[in-house]
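Welcome! Please open the model in your viewer and get ready to select residues as we go from stop to stop.

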Amino acid sequence: MPSNPVPLQDPVLDQAIAWLVKLRAFPGDAAVAPELQAGIAAWRAADPRHEQVWSELMASEEQFQRLVALPVPASQWHGPLKRLNRRRQHSQSRRRWMGNAMLGLGAIALGAVAARHAGLFDALDGASYATRTGDQRQLRLGDGTALALNTSSSVQLRFDDTRRLLLLRQGEIFIDTGADAQWPHHRPFWVQTAHARLQALGTRFDVRQHTDGTQLTVLEGRVAVHVAGADPLVAQPGEIVDIHPDGRLVRRAARASAMDPTAWLEQSLVVRQMRLADVVAQLARYRSGWLQCDPAVADLQVSGVFQLQDTDVALEALAQALPLTIERRTRFWVRVAAAGRSR
């Protein structure tokens with residue numbers, strides 16, 4: 001790891017990781033690689049600081065570059081990854097991660113009728129959807145909303161004449177709200193968690209419910225956060241709101257976070273200067289059994305891109321890049337410890 005780590009909020013580090021995401025997404029695509037390499041070379045040459053940050057990042061990553069390729073054909077991820085990188089470059093253009101283009105309202109209405117008869121819409125009032133550990137699921141709801149469920153997540157729909165309500169029972173979801181064009185009047189879209197009620201104001205956002213509260217990340221539009229006994233807080237694009245069980249709301253900038261909160265949509269875990277213990281905790285969400293980190297190495301800093309389809313590959317990558325050993329008693333009991341240390 002670098003002896004003088006780059007500050008967490010450094011935008012140059014964000015740019016370097018964005019280039020790394022692109023590079024890792026197309027490891028075997030001969031048509032794309034030269035263009036990417038040329039772009040990276042130009043970026044590195046543009047400023048000595050770029051070269052410094054890139055060198056520091058690659059010094060900690062070079063041991064596992066070959067291990068983190070996405071486990072699906074690159075062509076399937078080209079659209080989502082382009083959108084991820086446009087977002088990293090602060091593009092304000094409207095985009096959809098499901099589908100290839102946003103349809104006009106008339107086309108949505110006509111297409112919706114045909115889709116219902118063809119059984120293409122998944123959502124009915126009262127319908128429930130869930131994922132198992134390590135799985136993800138993508139849905140297109142009848143109102144045009146795109147919904148993705150992360151690992152170990154479950155939701156229930158409560159749509160009626162006056163509202164669209166999604167109950168997040170557990171886990172994490174990503175929502176790109178639909179226009180509800182088929183309905184005579186616009187119905188507000190709400191997400192209910194154990195800690196708050198969130199009103200989407202024409203937006204794309206991520207919601208994760210965990211034991212310590214709910215985390216909201218807004219990519220586009222706005223989301224109003226309602227908790228008992230307080231005025232609503234309106235979260236803006238690029239913000240994360242941590243909602244605590246006691247009703248406290250803590251707002252922070254998404255770009256200052258040690259983890260990209262929506263990289264899971266690309267089957268990736270993207271971190272910058274994150275504690276090893278926290279990286280291991282994130283990987284544990286995507287596997288069954290017991291995965292823990294030795295306190296002796298918990299504070300090691302990690303920056304990089306890991307695939308989530310095979311967390312064993314990610315663990316081996318960590319062991320090659322850092323002075324670590326992966327202890328396995330069974331496939332369901334795994335511990336990340338200091339190299340040469342076991343118990």
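How many residues lie between E15 and E16 in the hairpin that they form? Keep that in mind while you set up your view, and remember that this is a predicted model.

**Stop 1**

Select strand E15 (324-330) and then strand E16 (residues 333-338). The hairpin they form has 2 residues between the strands. Follow the two strands along: they run antiparallel, and 6 bridges join them. Now click on Thr330 and look across to E16, where its bridge partner is Trp333.

**Stop 1**

Trp290 belongs to strand E13 (residues 290-293) and Trp333 to strand E16, so the pair links distant parts of the chain, 43 residues apart. Is Trp290 buried or partly exposed? Trp290 is partly exposed, because its relative accessible area is 34%.

**Stop 3**

The structure holds 3 aromatic pairs. For another one, select Trp43 and Trp54, which are arranged edge-to-face, with 6.5 Å between the centres and 75° between the planes.

**Stop 2: arginines over rings**

Next, select Trp183 and Arg187. Arg187 lies over the face of Trp183, at 3.9 Å from the ring centre. Then move to Trp190: over the face of this ring lies Arg197, at 5.7 Å from the ring centre.

**Stop 3: the nonpolar cores**

Which residues have the most contacts inside the largest nonpolar core? They are Leu276, Leu283 and Leu318, in a core of 33 residues. Centre your view on Leu318. Leaving aside its neighbours within four places in sequence, Leu318 is in contact with Leu276, Val279, Leu283, Val302, Phe306 and Leu324. Apart from this core lies another, of 29 residues; to find it, select some of its members, including Leu147, Ile175, Ala200 and Leu233.

**Stop 6**

For the last stop, select Thr193, in the loop between strand E6 (189-192) and strand E7 (197-210). Thr193 is buried, because its relative accessible area of 6% falls under 20%. A polar atom of its side chain lies 3.0 Å from the backbone nitrogen of His195. Not counting residues up to four places away in sequence, Thr193 touches Leu168, Val207, Gln209 and Thr214.

Now click on Gln209, which is found in strand E7. Gln209 is also buried, with a relative accessible area of 13%. Look for a polar atom of the Gln209 side chain: the backbone nitrogen of Ala194 lies 2.6 Å from it. Beyond its neighbours within four places in sequence, the contacts of Gln209 include Arg169, Gln170, Gly171 and His195. Gln209 and Glu172 are 37 residues apart in sequence, while their C-alpha atoms are 6.2 Å apart in space.

Note on methods: Residues are numbered from 1 along each chain as its sequence is written. This is a predicted model: local features need pLDDT of at least 70, side-chain atom pairs count only at pLDDT 80 or more; totals for chains, interfaces and linings use all residues. Side-chain values use heavy atoms; hydrogens and water are left out. Helices (H or I, at least four residues) and strands (E, at least two) are DSSP runs, numbered from the N terminus. Buried means under 20% relative accessible area, exposed over 50%, partly exposed in between (1.4 Å probe, protein chains only). A polar contact is a pair of N or O atoms within 3.5 Å; within protein, one must be able to donate a hydrogen and the other to accept it, and residues adjacent in sequence count only if both atoms are side-chain atoms. Contact means heavy atoms within 4.5 Å. Rings of Phe, Tyr and Trp (its six-membered ring) pair if their centres lie within 6.5 Å; planes under 30 degrees apart count as stacked, over 60 as edge-to-face and the rest as tilted. A charge sits over a ring if NZ of Lys or CZ of Arg is within 6 Å of the ring centre and within 35 degrees of the ring normal. A nonpolar core is a set of buried Ala, Val, Leu, Ile, Met, Phe, Trp, Tyr and Cys residues joined through side-chain atoms within 4.5 Å. Two strands pair if DSSP finds at least two bridges between them.
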